[in-house]
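Good morning, and thank you for the time on today's agenda.

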Amino acid sequence: MNPTMETQTQAPNYPLPLDFDNVSTLPDSYVWSTTTLPSDDPCHCTINDRKASLPIIDIGDPSTYDLVRLACEKWGAFQVINHGVPLSLFHETEFQTRRLFSLPTEQKLLVARLPSKVVGYGSARIQAFYTELMWSEGFGMMGSPVEHARKLWPQDHAKFCEVMEQWQAEMKTLCNKIVGIMLGSLGLTHEDDMNWFQPQNGSDQTQCLFHLNSYPVCPDPDRAMGLAPHTDTSLITVVNQFNTGGLQVYQDGAGWVPVEPIEGALVVNVGDLMQIISNGKFKSVLHRALVNSTCHRLATAFFLVPSSNAEVSPLRKLVDSAHPPLYRPVTGREYFQLKVKLFMKALESIRL
Ligand SMILES: C=C1C[C@]23C[C@@]1(O)CC[C@H]2[C@@]12CCC[C@@](C)(C(=O)O1)[C@H]2[C@@H]3C(=O)O
Ligand SMILES: O=C(O)CCC(=O)C(=O)O
Ligand SMILES: [Fe+2]
């Protein structure tokens, strides 16, 4: 396992998630008021363009390349349908995710994420950058979750592991396909710049983090926040919101736009590292997740990230005298560390 992803340096301490089942009113520490947000925070904006909606792209369709390019330029995100991941696997993944988060808090804490790690149970790392607490809990995995699953269900973890590994395998295949389409839409081919992450030629320099997210029923959802605004520290992230709304993307001019829940659809986010390699052509999307008072929302997020030694820089073919590089080269390791330290200012810090 890659040491940088597994153990990230200078990680602050994170509060453990609340025992949500035993709370009937929103505790003060979970109240997000606009006055406590920085004045330039886009949480202040409301949706004013109700017609705006995230593109829904059929990736089996030949016009996909142009649609993907436009979506990545304008939104930094899109929904994908006709991706080939069986609906039965969505259902099994949802069942196993619910099974995990339904365990009593003290049992989930047996696999608590250590502050410096990315795997295990706990609150999201971005909590460190916000004063108010988020109404959510998560469980991170890299590959097989067997070590943790064995502690949660000593006699009965095989199915959980099987489903989680199957989902990750499907997501990895899909990510490779989508990154190929994204870069292909910018005129790049396998022969040139795409080689460094494509597994076909034996030089796959990517790794994956798989996260299960849980947003329990909230007594006061209008004043709470599930997952605070952030951009992903990935090349791309594939989010599955299990047909339950809550995810919102921020778009200049439109404000926060809800991502319509669609059975079997997956949401693709452009991450910071794709913004770097595309030399700013594709924008990493600011997004957040809200909570509700009626149903326990679950979601999964699969992060495709470069390995710690991979050099991440604007792809050569996208740079010329008319388009100078916008970012200096960084290794995966360096960028993860910058994000841990600077959060939303990390991209800006490597801008040339
Ligand atoms: C690869 C990564 C994405 C992540 C930061 C990290 O280096 C490891 C934890 C990841 C995660 C999972 C839950 C949501 C998220 C926003 C968070 O707080 O931790 C993401 C991070 C991210 O995309 O920046
Ligand atoms: O839960 C969601 O809908 C979004 C998840 C997300 O943005 C993340 O895990 O980074
Ligand atoms: Fe995210």
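Helices (H or I, at least four residues) and strands (E, at least two) are DSSP runs, numbered from the N terminus.

A word on the source. This is a predicted model, in which local features need pLDDT of at least 70 and side-chain atom pairs count only at pLDDT 80 or more, while totals for chains, interfaces and linings use all residues. Residues are numbered from 1 along each chain as its sequence is written, and chains are lettered from A and ligands numbered from 1 in the order in which they are written.

In overview, the chain holds nine helices and 14 strands. Of its 352 residues, 41% are buried.

I turn now to helix 8, residues 332-342. Which of its residues are buried? They are Gly 332, Tyr 335, Phe 336 and Lys 339. Viewed down the axis of helix 8, these buried residues fall within an arc of 100°, so they line one face of the helix; the arc is that of the directions from the helix axis to the C-beta atoms. Just after helix 8 comes Phe 343, with a positive phi of about 50°. Phe 343 sits in the loop between helix 8 and helix 9 (346-349), and it is partly exposed because 16 other C-beta atoms lie within 10 Å.

A second residue with a positive phi, although it is not a glycine, is Asn 243, at about 60°. Asn 243 belongs to the loop between strand 7 (236-240) and strand 8 (247-251). With 13 C-beta neighbours inside 10 Å, Asn 243 also counts as partly exposed.

Next, helix 6. Its residues 158-184 number 27, and it reaches 39 Å from its first C-alpha to its last, close to the 39 Å expected at 1.5 Å a residue; the expected span is 1.5 Å times one less than the number of residues. Among the buried residues of helix 6 are Phe 160, Met 164, Trp 167 and Leu 174. Is Ala 158 buried or exposed? Ala 158, which is found in helix 6, is exposed, because it has 12 other C-beta atoms within 10 Å. Ala 158 and Pro 62 are 96 residues apart in sequence and 40 Å apart in space, C-alpha to C-alpha.

Now the strands, where two strands pair if DSSP finds at least two bridges between them. Strand 4, residues 137-141, has five of its five residues buried. Both of its faces are covered, with Glu 137, Phe 139 and Met 141 on one side and Gly 138 and Gly 140 on the other. Strand 3 (residues 120-122) pairs with strand 4 in the antiparallel sense over three bridges, and Gly 120 stands opposite Gly 140.

Strand 4 also runs antiparallel to strand 5 (residues 206-215), to which five bridges join it. There Phe 139 stands opposite Leu 212, and Asn 213 is the bridge partner of Gly 138. Eight of the ten residues of strand 5 are buried, so it is largely enclosed by the rest of the structure. Strand 5 pairs in turn with strand 12, antiparallel, over ten bridges, Phe 210 having Phe 302 as its bridge partner.

Finally, the ligands. A residue is near a molecule if its C-beta atom, placed from the backbone, lies within 6 Å of it. The residues around ligand 2 include His 211, Asn 213, Asp 232, His 287 and Ala 301. Strand 5, strand 11 (287-289) and strand 12 (297-306) each give two or more residues to that shell. By class, the shell has six nonpolar, five polar and one charged residues, where Ala, Val, Leu, Ile, Met, Phe, Trp, Tyr, Cys and Pro count as nonpolar, Asp, Glu, Lys and Arg as charged, and the others, Gly among them, as polar.

How many residues surround ligand 1? There are 15, the closest being Ala 124, Arg 125, Ile 126, Asp 232 and Thr 233. Strand 5, strand 12 and helix 8 each give two or more residues to the shell around ligand 1.

How values were computed: Buried ≥ 20, exposed ≤ 12 C-beta atoms within 10 Å, placed from the backbone.
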